[in-house]
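Please examine the structure shown below with its sequence at hand.

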Amino acid sequence: MKSFEPVIIAFLCNWCSYEGADSAGRSRKELPPNVKPIRVMCSGRVDPEFVLESFQKGADGVLILGCHPGSCHYREGNIQTLRRYLLIQNMLPQLGIRRDRLMLDWVSSGESDKFAAILDRMTCRIKTVGPLPGPTGNLK
Amino acid sequence: MEETRKPDRRPERIGVFLCGCGPNISEAVDLLKIAAFAETLPEVVCVESVPLLCADAGKEILKARISKDKLSRIVVAACSPKEHEHTFRQVLRDAEMNPFLLQMANIREQCAWVITDKEAATRQAKTLIRAAASRVRHHEPLEPKSIESSPDVLVVGAGIAGISAALTLARGDRKVYLVEISPCIGGKAARHEDLFPSLECASCVLSPKFDELLHNSQIELLLLSRVKEVLGYFGNFTVTIDRQARYVDEAGCIGCAACIDVCPVKALNEYNEGLDRRRAIYIPYPGALPNAAVIDPRHCLRFQGEDCTRCRDACPMSLIRYDETDTTRTLQVGAILLAVGFDLFDVENAPRYAYGRIPEVYTSLEFERLANASGPTQGKLQQKTGDSPGRIALIACVGSRTTAHHTYCSAVCCTYLMKFIHYILKKLPEARIFLFHSDLCLPGREAQQIGSKFSSDKRVAFLRMKTPEAISIHEKEGKIAIRYMDLLERSHDVLCDMAILAPAMEASKSAPDTAKQMGILQEKGGFFSKEHPIIAPVSTTFQGIYAAGCAREPGTIEQAVAQGEASAGRILSSLIPGIRLPLEAESAHVDEDLCSGCRLCRNGCIYRAITYDSEKGTALVNEVLCKGCGVCAALCPSRAIHARHFSDEAILSEISSLTCTEEKEH
Amino acid sequence: MKQKPKIAFCWLSSCGGCEESIVDLSETLLAAAEAAEILFWPVALDYRYEDLEKLEDQELDAAFINGSVRMDDQEELAHLFRKKSKRIFAHGTCAHLGGVVGLANLFPGKEGLNEAYLRAPTVSNPDSILPKTRCEEGGETLALPGFHPAVKALHQVIDVEYSIPGCPPTPELVEEAILGLLEKRLPSRGSVLAEKKALCHTCPLNRTKPERIQAQRFYRIYEKIWDPNRCFLDQGLICLGPSTRGGCKARCIQANFPCRGCFGPLEKVRDQGAATLSFLASLMHAATPEEIEMIADSIPDPAGLFYRYSLPSSRIHQSRFEENP
């Protein structure tokens, strides 16, 4: 049987976490191909609708990575993200989705090790919990 | 009318360009397979593999194919956009195509370099290219915009920092409005006796600068004035100024003092730190500029309802104007510099120093006036009894470096205490000096040398305290008893005739109001926050508003001058007459047809870039201030805010494309 | 002689409130009955399924359908209407978005039946009998319509030309839709027949909203006495006005009650819950995870509040259940 290869959408902010991803590339870290990156200018651009849309479209996990608190390029865009994130986390189980399918973390431009570790941990976690079940109803 | 809406979109002509990046990409993925896959993507009309796309030959190929194949959208699958997006955008520009119609797929940092399995890396590259080709269809051609701006500048505070900035700006041919709350210029530095480190006479050093200021036609000096309101943004501020009446014709007055001698009222003189009295009509101190009298309506008998006209009768030039009124005026400026200075920590809040209880305990600014030739004692160092002090204590870190008041170091106290030693030894060579400190901070080339000179002088005792607060002052038989604890926790008593405190420097008492008015942040001690503490030290958190001198943090006069000139330089290089201000192209935009005017977007914008048009009932993004972070777009509950280049449509199409992977399909 | 337009009214999974909104038209209804030919209206008159079946295809000019779709018969009826009518009006929030009954989708399909027939405190069912679509009784075969695993909005079953939002819609909106049909001045197909902007635009309290709202926590309605003259959000009470389409004349607000979102999301918003969540997050006056969690925890049922009327047509339109969410 083919092993389960999850799909994980990762929103990366332009200034810190995308740089962190690039520096992971430059130092030739091995990264799981399960993670599919999307670049945004600030993690604060990540609309909760994007997270739900990712799950709806078949993602098994969603990662949001921003600048560390206090070093956001836009001062507090990442704090907006944190507020939304904690509120979504309260709602996900009601929608039948495990909380640990969504993760927010901070990665600075130099933290290539941390970036790689987050990707590994998330992929490992989603492989353990398995695929997100499909919708229960039949649509038109 | 009742027809089905059909999106009539012309199909795009997308070109996909694959870069081998030498061996970097070409050896790690199967570019042939990727090219074949790219050809199957919707609306892709051309796929080209190039060994090194960022080289001149590669760029030529890209440019040629754009025009040959009439491409309308470009996908470049290569390195990180952070490395070469600007390079390829320039190629699009050269090919007369809008540079924003490009999307890069980062198949080097995100595939070739991080996935060792070639097949998996190839699959990932395909996925990223498909997402880019899907996203790029939603790109809009963006035009970099610009606005007209005013090159004029408002400087708040006519202390040494504000004056230095105003002069630099005026030399750059700018109109400067210099607003000062007091009736004279020069701030605190003008009331010093000597200046550190050269120990030259302050008025000798500063007067030429002050004269230049007063005679510069580019600088409009607004004394007795304060900022009432600030509206607008970088390049286009509208500032309202309230000016209090002087009741004396400032331009005509020659400072003969005939009016002052006849005034029957006496009030505490704030320009001598309250150490003596002045009249209700007065000149702040001898040498104050402009040399013109001013009436203080809080004390003048006429303003208390009495029919006194003594000063008017005495004025040989009939320049007294009792009927002058307070005025308000509006200015248009492009930038604002805040040079509002500092205030000293109120030592009465720290009872251990007995300030206010023992008459011979002085603050540093009071001592500057005592030592000053234009001060209350004409520069004679004497006690209030008229006696000459034989033993003088200098106490450092009063309210600084303590958790009880301010934890920071006020940066200049140790150095000016060295200056005070110099004053005392010059004026009272027989005096004994006791310097109480817990760590001497004498940085730089000059201060340490001066400090070393005095520490070997037998008349000066450097007494080290265990902590800044290991000291207390009491009265003992008409003298000042100072008890302190040394490093070995032993207690000592020293008797003195006079004690001079070095209180912490705090932001000006007006700083919170100014910060609110200007919409900027404050740091510890109330000082204005810098845009960035290292690489943007003289700009504040609001674009176009700068801070110099002790308004931004405690510092020396030399630093205040440098910061004033640095701010002026920033302004001169960014606000150039006749040149429009370039704006961020990837900014947010409000769709008025969808905006309900709920104004919640303003909760998410720290740049104050969103205003409300109360007539239309809709929000409006100020493109000058918008930095393009997209927080408001994600927050708008009507999705009426469009984040240019990072639109909902673009990001949602990436999500759809990335979630539909080969792994899932199989 | 000019032919009168032929119209029909019907309800699916509905509480009947939308039918009330038709009756509330009073004189207009009489005028409509005069100007149009009503061929089907089971709530008001004795019509049968066969009457609808007998019509020619596309014979109806318009069918106004209220209620969501949960049962086989409702789905069948919806398809039959689609065949017989030139235009379908989704009438009321249930047909438009799935409605308050759509909150059933927060639970796996069978849970609804289990709750109603086995666990409800007023039910005594010792043999644990659940409704079946077919059973034999005394030699006869009895049939019941089947129960779908999830509630759907009408547009998720058939194509819909127009939607009239509201739980129930105001009589004015219903009147405007009927007159639009009779007077041939309907807007483009696919339109929602209400305002284009969110409720705040017409809310009488919008002008009282301060420049910045900084909520230390959110309150539930019973926890405070509410000032009827001040924006509810500024008082810490969750109001869905910013994320809800206007057109209701702020009926709830004027009764000192916050908006609960029955007119559904705005044109460019698919997910009313996500839009609500996002703006509420920005009001939180907190920056550390602990402080934020405290404020987030003051909303005990976020999904139930944010999606009260629109869950079936949200992004996560039918829940995807995991064993241990």
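The following paragraphs take these topics in turn.

The structure is a predicted model.

Side chains of opposite charge can pair when their charged atoms come close. Across the interface of chain A and chain B, 5 salt bridges are found. In one salt bridge, the side chain of A:R45 meets that of B:D648, at 2.7 Å from N to O.

The aromatic rings come next. A pair of aromatic rings is described by the distance of the centres and the angle of the planes. Over all chains, the count comes to 17 aromatic pairs. The pair B:F420 and B:Y423 is stacked, because the ring centres are 5.8 Å apart and the planes stand at 25°, under the limit of 30 degrees. Both residues lie in helix α12 (residues 413–427) of chain B, 3 residues apart, which is about one turn of the helix. B:F420 and B:Y423 are both buried.

In chain C, the rings of C:F40 and C:F81 have their centres 5.7 Å apart and their planes at 75°, so this pair is edge-to-face. C:F40 belongs to strand β2 (residues 37–40) and C:F81 to helix α4 (residues 72–84) of chain C, and the pair therefore ties together parts that are 41 residues apart in sequence. C:F40 counts as buried at 3% relative accessibility, and C:F81 is buried with a relative accessible area of 1%. Ring pairs also link C:F9, C:W41, C:F64, C:F89 and C:Y162 into a cluster.

Salt bridges over all chains number 68. Within chain B, the side chains of B:K530 and B:E523 meet in a salt bridge at 3.6 Å from N to O. B:K530 is buried, with a relative accessible area of 9%, whereas B:E523 counts as partly exposed at 36% relative accessibility. Another salt bridge joins B:K616 to B:E592, with the closest N and O atoms 3.1 Å apart. B:K616 lies in the loop between β32 (610–613) and β33 (618–621) of chain B, and B:E592 in the loop between β31 (588–590) and β32, so the pair ties together parts that are 24 residues apart in sequence. B:K616 is partly exposed, with a relative accessible area of 47%, and B:E592 is partly exposed at 32%.

In chain C, C:E183 forms a salt bridge with C:R185, the closest N and O atoms being 2.8 Å apart. C:E183 counts as partly exposed at 44% relative accessibility, as does C:R185 at 35%. Finally, salt bridges that share partners join A:R45, A:D47, A:E49, A:E53, A:K57, B:R639, B:D648 and C:R315 into one network.

Definitions and conventions: Residues numbered from 1 in each chain as written. Chains lettered and ligands numbered in written order. Predicted model: local features only at pLDDT ≥ 70, side-chain atom pairs only at ≥ 80, totals over all residues. Heavy atoms only, no water. Salt bridge = Lys/Arg side-chain N within 4 Å of Asp/Glu carboxyl O. Phe/Tyr/Trp six-rings, centres within 6.5 Å; stacked < 30°, edge-to-face > 60°. Helix = DSSP H or I, 4+ residues; strand = E, 2+ residues; numbered from the N terminus. Buried < 20%, exposed > 50% of the residue type's maximum accessible area, 1.4 Å probe, protein only.
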